[in-house]
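Here is a short report on one protein chain. Look at the model first, then read on.

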Amino acid sequence: MELRDAVTIPAARETVWRALNDPDVLRHCIPGCEELERNSPTELAAKVTLKVGPIKARFAGEVTLSGINAPEGYVLSGEGKSGVAGFARGSATVRLEDVSANETLLLYDARADVGGKIAQLGARLLDKTARKLARKFFDDFAAQVAP
């Protein structure tokens, strides 16, 4: 599955960059996020509960940041497991571009693979759910970052 989009955030690029690297901000924006802790400057651990179609699952996973080029972007890579419900793993390239002094364009290009019971739900449902979760994240993120 692939997701690609661009979102305008009503804040300066440095403000958006700080928020993208703040576990407290991200915890409030990631749908279903119960825990998000920084293990090192480039590693985070998360616990997230999601409902995909008829399956509700709690995922525990790790996220690694690489290719860090502050305040322009980075690459996130991670994997989450949820017992019999399955697993999800993927990566996303995130770039920030100035639109104006108080607006930043956040561009992302993500790829994900799922397995287990969740994969049996079908590509259409998974794609629809992924897009809905991404939209919720960015709506919440913009609200958290906006002055």
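Start with Arg-13. Setting aside neighbours within four places in sequence, Arg-13 is in contact with Pro-71, Glu-72, Leu-96, Glu-97, Asp-98 and Thr-104. Contact means heavy atoms within 4.5 Å. Arg-13 counts as buried because its relative accessibility is 15%; buried means under 20% relative accessible area, with a 1.4 Å probe and protein chains only. Arg-13 lies in helix α1, residues 13-20.

This is a predicted model, where local features need pLDDT of at least 70, side-chain atom pairs count only at pLDDT 80 or more, and totals for chains, interfaces and linings use all residues. Residues are numbered from 1 along each chain as its sequence is written, and side-chain values use heavy atoms, with hydrogens and water left out.

The chain has 3 helices and 7 strands. Helices (H or I, at least four residues) and strands (E, at least two) are DSSP runs, numbered from the N terminus. From that end, the order is β-α-α-β-β-β-β-β-β-α.

Now the strand pairs. Two strands pair if DSSP finds at least two bridges between them.

| Pair | Sense | Bridges | Residues in hairpin link |
|---|---|---|---|
| β5 (73-81) and β6 (87-100) | antiparallel | 9 bridges | 5 residues |
| β6 and β7 (103-115) | antiparallel | 13 bridges | 2 residues |

Lys-81 has Phe-87 of β6 as its bridge partner. Ala-88 is partnered by Val-114 in β7. In the turn between β5 and β6, Gly-83 has a positive phi of about 50 degrees.

Last, the whole chain. Its C-alpha trace spans about 45 × 30 × 25 Å along the principal axes. Buried residues make up 36% of the 147 residues.

Note on methods. Buried means under 20% relative accessible area, exposed over 50%, partly exposed in between (1.4 Å probe, protein chains only).
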